[in-house]
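Here are a few friendly notes to read alongside the model. Please have it open as you go through them.

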Amino acid sequence: MTTVILLRHGRTTANAGGVLAGWTPGVQLDETGQAQVAAVAARLAPVPLAAVVSSPLERCRQTAGAVLGGRDLELETDDRLGEARYGDWTGRPLKELVKDPMWKVVQQHPSAAVFPGAEGEGLAQTQARAVAAVREWNARLGPDAVWLACSHGDVIKAVLADALGLHLDAFQRIVVDPASISVVTYTETRPFVVRTNDSGGDVSALVPPKKKGRRRSRAESDAVVGGGAGAAAT
């Protein structure tokens, strides 16, 4: 079972100012974001990571860099984990965008939303590239890996919607706050969404158990009827 920890970047100057940053260069974490990132890096320190893969945008590289501290890993970047390409919406205040007719489409029928302008993409495209990236990294790192992908709110929501088997039109029901982690375990037959929008608490359950030399069982892809007993105590 490959486990991916989906980490949203910490709060930025654009987030605090109510501006849709998109792919605008130079958008960095503000003081609150830096504190959030330091906290999540400390929380994740006990979790052995096979790789740390980031959106190429600066706010994600700052966030992922904090998680890398003290680890013998190089930061990997993948454009497919980059922010949705908002086209002509990029850099505009959200209070203006809510008046745009496209806003209702993004809220109510996001699978049909294509952002205006030559650089705009559809949210369905965003989801397709992000899910493809996660699954390719899963295959590259192997079935026993725990790895981290640092990305953006809408991108992580789209990946979670896919893992939950939700239509993209339902992805606005998912909340992903700055510096929160969401966790998905991928098995042979289905993903399991283990956590969403987790901003605090114990992460010891993410540490993989010691190998016991046994063969992998197809039952590892089965859901526990009744809900099970939860993660083993440490």
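1. A crossing is called right-handed if the near helix is turned clockwise from the far one by less than a right angle, and left-handed if anticlockwise. Helices here are DSSP runs of H or I with at least four residues, strands are E runs of at least two, and both are numbered from the N terminus. In those terms, α2 passes α3 in a right-handed crossing.

2. A word on the source: this is a predicted model, where local features need pLDDT of at least 70, side-chain atom pairs count only at pLDDT 80 or more, and totals for chains, interfaces and linings use all residues. Residues are numbered from 1 along each chain as its sequence is written, and side-chain values use heavy atoms, leaving out hydrogens and water.

3. Now for the pair itself: α2 spans residues 31-44 and α3 residues 58-68, with an angle of about 35 degrees and axes 8 Å apart. (Axes are lines fitted to C-alpha atoms over the stretch in contact; angles run from 0 to 180 degrees between N-to-C directions.) V37, A41 and L44 of α2 meet Q62, T63, A66 and V67 of α3, contact meaning heavy atoms within 4.5 Å.

4. Which residues of α3 are buried? They are R59, C60, T63, A64, V67 and L68, with buried meaning under 20% relative accessible area (1.4 Å probe, protein chains only). Their cover includes β1, α2, β2, β3 and β4. After α3 comes G70, with a positive phi near 80 degrees.

5. Do look at R129 in helix α6 (residues 123-141) too. R129 counts as buried because its relative accessibility is 15%.

Methods. Buried means under 20% relative accessible area, exposed over 50%, partly exposed in between (1.4 Å probe, protein chains only).
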